[in-house]
Amino acid sequence: MDYQPNLSLIGKPRKDRLGDIRAEVFGLRTADKAELAITRIPPRVPDAGQAAAPPSVVLVHGTYSTRNFWVSPKGIGMGSYLADQGYDVWIPELRGHGLSPKPAGYAAISAEDHIRADLPAIQNFVKLRSSGPVFWIGHSFGGLYVIAALSMKWLDQSNMAGLVAFGSQISHGDRYLKVPPLAWTAALILKTIGYFPAPRLGLGPEIEPAGVILETIRWKRLFGKWTTSTGASYWEGLRDIRLPVLTMAAENDRNDPPVGCKRIHDYVSSPDKTFLRLGKNFGFSMDYDHVGMVVSRAAQGEVWPMVARWIADRGCGQED
């Protein structure tokens, strides 16, 4: 299948509101014909007549999630905060999530579909509409997907000003998948029902395609490997990632613990990379967990401003 970007808008953008936030929702089509929704929140500060275009920020949600992870229906979240700081905010929803339609064959959607087709389509869509530098922020598997796409060169890092990854890793956690009978049983159930019922289990608002979770099992099972469907190792390409990277790991994250986040961070070869462990012993007000590192009152006061400053420090572009 040809995954080269071949974008087309699906109709005109529609106006939307999230609390007092005025937004636009665009539709786009990936090279393999999946339909995606992407919400834009324009900068919410007066134009001070600055010559340079404001940086754009692309916020990528993780599994079991939607755009509401970044901005709630009441307009509260890191997405609206960054718009208040003068950034042009883009919040895509991966195929089958949120406003992006659940297609025929939903159960077969894989993580590689998100990595290899969705993200490049999103990158090209935003690139056509942004004249300033473009930063990417991903939470959990959202960040992992961006890292994987960079590794395989399915995302063009020359068109990215920086990456912030929250709790993104693949090597640790989910120990039950290391027990073959449990992994086999989980896979059988997923193949039978076609999706993972995250809302019923209190893990998030969105069900997840069986294909995504089956791929996760393949990566994390006993003797599993973090590879593409053709066997290429995502680990290998991490050495070629040179753009600025900020990795944030939550001290009390049982899903994606700091040791796993640090392992990926150490593989990346960027000369400008920072690893932060969000816990009391490292200067933060609390030991954050997987979700609270982004969605909590404490994060609003100390994590969001840190991300905004990191972007601002690099918003004029990087030297070659």
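What is the handedness of the crossing of helix 2 and helix 3? I found the crossing to be right-handed, that is, with the near helix turned clockwise from the far one by less than a right angle.

Entry 1, basis. I worked on a predicted model, in which local features need pLDDT of at least 70 and side-chain atom pairs count only at pLDDT 80 or more, whereas totals for chains, interfaces and linings use all residues. Residues are numbered from 1 along each chain as its sequence is written, and side-chain values use heavy atoms, without hydrogens and water. Helices (H or I, at least four residues) and strands (E, at least two) are DSSP runs numbered from the N terminus.

I looked up helix 2 (residues 111–129) and helix 3 (residues 141–151), which pack at about 65° with axes 9 Å apart. Axes are lines fitted to C-alpha atoms over the stretch in contact, and angles run from 0 to 180 degrees between N-to-C directions. Ala-111, His-114, Ile-115 and Leu-119 of helix 2 meet Tyr-145, Val-146, Ala-148 and Ala-149 of helix 3, contact being heavy atoms within 4.5 Å.

I found five bridges joining strand 7 in parallel to strand 5 (residues 56–60), and five joining strand 7 in parallel to strand 8 (residues 162–166); pairing requires at least two DSSP bridges. Val-57 stands opposite Phe-135, and His-139 has Phe-166 as its bridge partner in strand 8.
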